[in-house]
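I'll jot down what I looked up, roughly in the order I looked.

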Amino acid sequence: QVQLVESGGGLVQAGGSLRLSCAASGRTFSTKDMAWFRQAPEKEREFVAAISRSRISTDYADSLAGRFTIDRDNAKNTVYLQMNSLKPEDTAVYYCAASSIGGLRLRKNIAEYDYWGQGTQVTVSS
């Protein structure tokens, strides 16, 4: 079993930055790929970024255009999402997720992740 807790969300003006953190506990050795998803009101939950346990592989949603960076510190059992040049369209609840399987490719679909945090609110004002 793995537990995930997000933090670092808040209110920021357009063009600003936020750094989200996700702390994992429990059987953290079971976590392979880790990812961030987000969900805005009245919209489906969507993929943001993913990273392999080795940190060698990363992937991002095309629409982010290089504004976001995902990283992880396995010694601290923590994954991060650095968000720069934030836009009002980035306003959403951001969720951390972990997969118990990995290799060959990064997981990018909701159904491929086994563990989820409760989410942290990010609000970007214009």
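Is Asn-77 buried, partly exposed or exposed? I got 25% relative accessibility for Asn-77, so it counts as partly exposed; the cut-offs are under 20% relative accessible area for buried, over 50% for exposed and partly exposed in between, with a 1.4 Å probe and protein chains only.

Ground rules before going on. This is a predicted model, where local features need pLDDT of at least 70 and side-chain atom pairs count only at pLDDT 80 or more, while totals for chains, interfaces and linings use all residues. Residues are numbered from 1 along each chain as its sequence is written, and side-chain values use heavy atoms, with hydrogens and water left out.

Most residues other than glycine have a negative phi. Asn-77 lies in the loop between S7 and S8. Ser-85, also not a glycine, has a positive phi of about 50 degrees. I found Ser-85 in the loop between S8 and S9. With a relative accessible area of 40%, Ser-85 is partly exposed.

**Entry: overall build**

I counted 0 helices and 11 strands in the protein chain; these are DSSP runs numbered from the N terminus, helices being H or I of at least four residues and strands E of at least two. The radius of gyration is 14 Å, which agrees with the value near 14 Å for a compact globule of 126 residues; it is taken over C-alpha atoms, and the globule rule is 2.2 Å times the number of residues to the power 0.38. The C-alpha box along the principal axes is roughly 40 × 30 × 25 Å. Of the 126 residues, 44% count as buried.

**Entry: the open sheet**

I traced an open sheet of 4 strands in the order S1-S3-S8-S7, with antiparallel pairing; two strands pair if DSSP finds at least two bridges between them. Strand S1 (2-7) and strand S7 (68-73) are at the edges with a single partner strand each, so one side of each has no neighbour in the sheet. From one strand to the next, the twist averages 15 degrees. Inside the sheet, S3 (residues 18-26) and S8 (residues 78-83) run antiparallel and are joined by 6 bridges. I noted Leu-18 opposite Met-83 in S8.

**Entry: S11 and its partners**

S11 (residues 120-125) pairs in the parallel sense with S2 (residues 10-13) over 4 bridges, and Leu-11 has Thr-123 as its bridge partner there. Which face of S11 is covered? Thr-120, Val-122 and Val-124 form the covered face, and Gln-121, Thr-123 and Ser-125 the uncovered one. In a regular strand the side chains alternate between the two faces of the sheet.

**Entry: the core**

The largest nonpolar core has 35 residues, and Leu-4, Trp-36, Leu-81, Met-83 and Tyr-94 touch the most other members; such a core is a set of buried Ala, Val, Leu, Ile, Met, Phe, Trp, Tyr and Cys residues joined through side-chain atoms within 4.5 Å. Among the elements that give two or more residues to this core are S1, S8, S9 and S11. I also listed contacts (heavy atoms within 4.5 Å) for Leu-4: not counting residues up to four places away in sequence, they include Cys-22, Met-34, Cys-96 and Trp-116.

Note on methods: Axes are lines fitted to C-alpha atoms, for helices over the stretch in contact, and angles run from 0 to 180 degrees between N-to-C directions.
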